[in-house]
Amino acid sequence: MGQSKNLSFMRSLCMGSIEQDMVLPFPQMKVSEKETLSTVFSSFESWLKPKTAEFRKWDRQGEFPSEFIQEMRDLGLFSLIIPEEHGGLNLSNTGYSRALQELAKYDGSVAITAGAHSSIGMRGLVLFGTPEQKQKYFPKLVTGEWIAAFCLTEPGAGSDAASIQSKAVKEGEFWVLTGQKLWITNGGIASFFTVFARTDGPEGQMTAFIVTKEMEGVSCGPHEDKMGLRASSTTTVHFDRVKIPQENILGEVGKGFKVAMKILNSGRSGLGGGCVGAMKHVIALSTKQANERVQFGKKIGEYGLIKEKIGQMVVDCYASESVVSLVAGLVDQGYEDYAVEAAISKVFATECLWRAADEGLQIASGNGFMCEFPYERILRDCRVNRIFEGTNDILKLFIALTAMNDVGKQLKELSASLEGIFQDPIKGFGLLSEYGLKKITQVTKVGGVKSSFSKLHPSLKAQASIFENGVRGLSVAADRILRKHGKNIIHKQFATKRLAEIMIDLFVLASVLSRVNSALSLKKNENQKQNLEKEVEILNSFSSQVHSRIQSHFAKIDDNDDELIKSLADHALKHEKYIWDNLTEPTS
Ligand SMILES: Cc1cc2nc3c(=O)[nH]c(=O)nc-3n(C[C@H](O)[C@H](O)[C@H](O)COP(=O)(O)OP(=O)(O)OC[C@H]3O[C@@H](n4cnc5c(N)ncnc54)[C@H](O)[C@@H]3O)c2cc1C
């Protein structure tokens, strides 16, 4: 309540402040939206559930038939985030994430086709479109007559998106676009493209454009033959001297990189929701399998090693659902600086799903390896989640470096303030930055630093203190890493990743704490009370896992084998192979 909408929970956390009002209470979906979605999901169920065999067939064929895409249109799958006045469902970020969760339970390719349209393809129009642009394009997008795609990646520009070579040059009243985009989801079925191109000039280097299929010079390549999500369309998209009118610029000329990043950040709850849906599906499949399969005279679900896998899936799914919902809630509440939190939710949910898919296949074992069963397809489908919309590795660097940038700035201020202290001790104290004061209050325990999660239910004290201790450790660790490496931190990826892993765990723990806290405050019937007991068990398990992981990361800041690993990598990179072989090794 009354929070500045410019705050970032994680950026504050790295300075030692717990902005608890940002994450409490846990965001709830509006009742009216719940009602809308219940109706929509019933129609999903009656339409998608009977298609299980067809999804398998289309996966093998590597393409959806056009009749099925038409069914997706008829079901309104392309209208999810479009405002009501344009005929759309106008779902909030929370509602949209929940809708993708539902679709992903049935089929990954369906979820990605609908998701790429709304999460990234036309989100630029929603976020940056002028009233005229919206008036012009929403009517076709809402029905799915025009499906949308997001065109950023190029052969030479993947993670390094700023290095794109597609170019748009102003010629008279038009911008003339030439370039090639790679691996574009919906590329073969889209008519509306959000395209990023260089427009080198004093305003900046990249601009976002709305390009439509009907413009001369737009074409796409054949369907890519992919490992997973095979039925969804992925193609190259080519632009050969495409004439784009000035009014098709999205946002401002030269501000395209910001537009791209805002689209990706804002769309992350869709991908996260999809991961949660797929995890729920895996848990349903795995528990059924574990209850039915008998080995050594017992159902395999009775064995500890199977329970370990299933229990972990439940913890991971609940934690992912919590962090994805919390981030969607931050977006819905109008917070503007949620890029780090959104990246955390993407990394965490995609890694949990990958683990669940792998363990689900392991529980099914031989059956899991057979294409007749769904496990191998789920594993193939979910692998790309850790790659697209920013690889998890790059996102981890982003998460930690963004936070350290803030800490670095404050450290600079602090040292300037401290110089002031030595020059004039009395006046100098007045010059101490907020960060300096926080550091001093952390050491002396005096002062108003918000470093406790005080508004949580008293029964959550122990779990909250794991979080609070982690936050104190994080702020000290960020400080220590920066003092150790200074500006060179940008080249210290092992240390940066370690910090990111701590930040990811802490934010997800904050999400789980917030969710269980809200659950504790609600009135419940007997059944709901039993569910709540299980939620507290999940929190206990997750907080204990977070505690051991972050302690291990803290310990490794100064005591690690980073240099050895780097040296071994350099050796392998130099020889481009593993050199040892018992055929050629000397014998005694
Ligand atoms: C199925 C599919 C659908 C896609 N859909 C779209 C789409 O609709 N629109 C679109 O624009 N793009 C799309 N993409 C592209 C996707 O976003 C990129 O694949 C992704 O951004 C990674 O780029 P890359 O594959 O070129 O990997 P690279 O950037 O070449 O990275 C290779 C490896 O190096 C690592 N790496 C790179 N730089 C660094 C660094 N500085 N430090 C440490 N590690 C580094 C990466 O983490 C990765 O592990 C899609 C991709 C796939 C596979």
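How far does helix α12 reach from its first C-alpha to its last? Helix α12 covers residues 339–364, 26 residues, and reaches 38 Å, close to the 38 Å expected at 1.5 Å a residue. The expected span is 1.5 Å times one less than the number of residues in the helix.

## Basis of the model

This is a predicted model: local features need pLDDT of at least 70, side-chain atom pairs count only at pLDDT 80 or more, and totals for chains, interfaces and linings use all residues. Residues are numbered from 1 along each chain as its sequence is written, and side-chain values use heavy atoms, with hydrogens and water left out.

Helices (H or I, at least four residues) and strands (E, at least two) are DSSP runs, numbered from the N terminus.

## Helix α12

Helix α12 is mostly covered, with 20 of its 26 residues buried. Buried means under 20% relative accessible area, exposed means over 50%, and partly exposed lies in between (1.4 Å probe, protein chains only). S365 follows α12 and has a positive phi, near 45°.

## The ligand site

The shell around the ligand holds 18 residues. F150, T153, S159, T185 and T391 come nearest. By class, the shell has nine nonpolar, six polar and three charged residues. Here Ala, Val, Leu, Ile, Met, Phe, Trp, Tyr, Cys and Pro count as nonpolar; Asp, Glu, Lys and Arg count as charged; the others, Gly among them, count as polar. Strand β3 (174–185) and helix α15 (392–423) each supply at least two residues of this shell.

Polar contacts are pairs of N or O atoms within 3.5 Å; within protein, one must be able to donate a hydrogen and the other to accept it, and residues adjacent in sequence count only if both atoms are side-chain atoms. A polar side-chain atom of S159 lies 2.6 Å from an oxygen atom of the ligand. A polar side-chain atom of T391 lies 2.8 Å from a ligand oxygen atom. W183 uses its backbone: an N or O atom there lies 2.8 Å from a nitrogen atom of the ligand. Taken alone, the ligand exposes 980 Å², and the protein buries 65% of that. These areas come from the Shrake-Rupley method with a 1.4 Å probe; for residues, only the protein chains shown count as cover.

## Salt bridges

Side chains of opposite charge can pair when their charged atoms come close. A salt bridge is a side-chain nitrogen of Lys or Arg within 4 Å of a carboxyl oxygen of Asp or Glu. By this rule the count comes to 29. One of them joins R241 and E171, with the closest N and O atoms 3.2 Å apart. This pair links distant parts of the chain: R241 sits in strand β7 (residues 234–245) and E171 in strand β2 (residues 167–171), 70 residues apart. E171 is partly exposed, at 37% relative accessible area.

R515 pairs with E321, the closest N and O atoms being 3.0 Å apart. R515 is in helix α19 (residues 493–521) and E321 in helix α11 (residues 304–332), so this pair too links distant parts of the chain, 194 residues apart. Both R515 and E321 are buried. R198 forms a salt bridge with D200, at 3.3 Å between the closest N and O atoms. R198 is buried at 14% relative accessibility, whereas D200 is partly exposed at 42%.

## Buried serine and threonine

S475 lies in helix α18 (residues 461–485). S475 is buried, with a relative accessible area of 0%. S475 and S12 are 463 residues apart in sequence and 9.8 Å apart in space, C-alpha to C-alpha.

T235 is in strand β7 and is buried at 1% relative accessibility. A polar atom of the T235 side chain lies 3.5 Å from the backbone nitrogen of G188.

## Backbone exceptions

Most residues other than glycine have a negative phi, and most peptide bonds are trans. A cis peptide bond joins L24 and P25, with omega about -10°. P25 lies in the loop between α2 (20–23) and α3 (31–48).

L229 has a positive phi, near 45°. L229 sits in the loop between β6 (218–220) and β7 and is buried, at 7% relative accessible area. F296 also has a positive phi, near 55°. F296 is found in the loop between β9 (294–295) and β10 (298–299) and is exposed, at 81%.

Conventions
A residue is near a molecule or strand if one of its heavy atoms lies within 4 Å of it.
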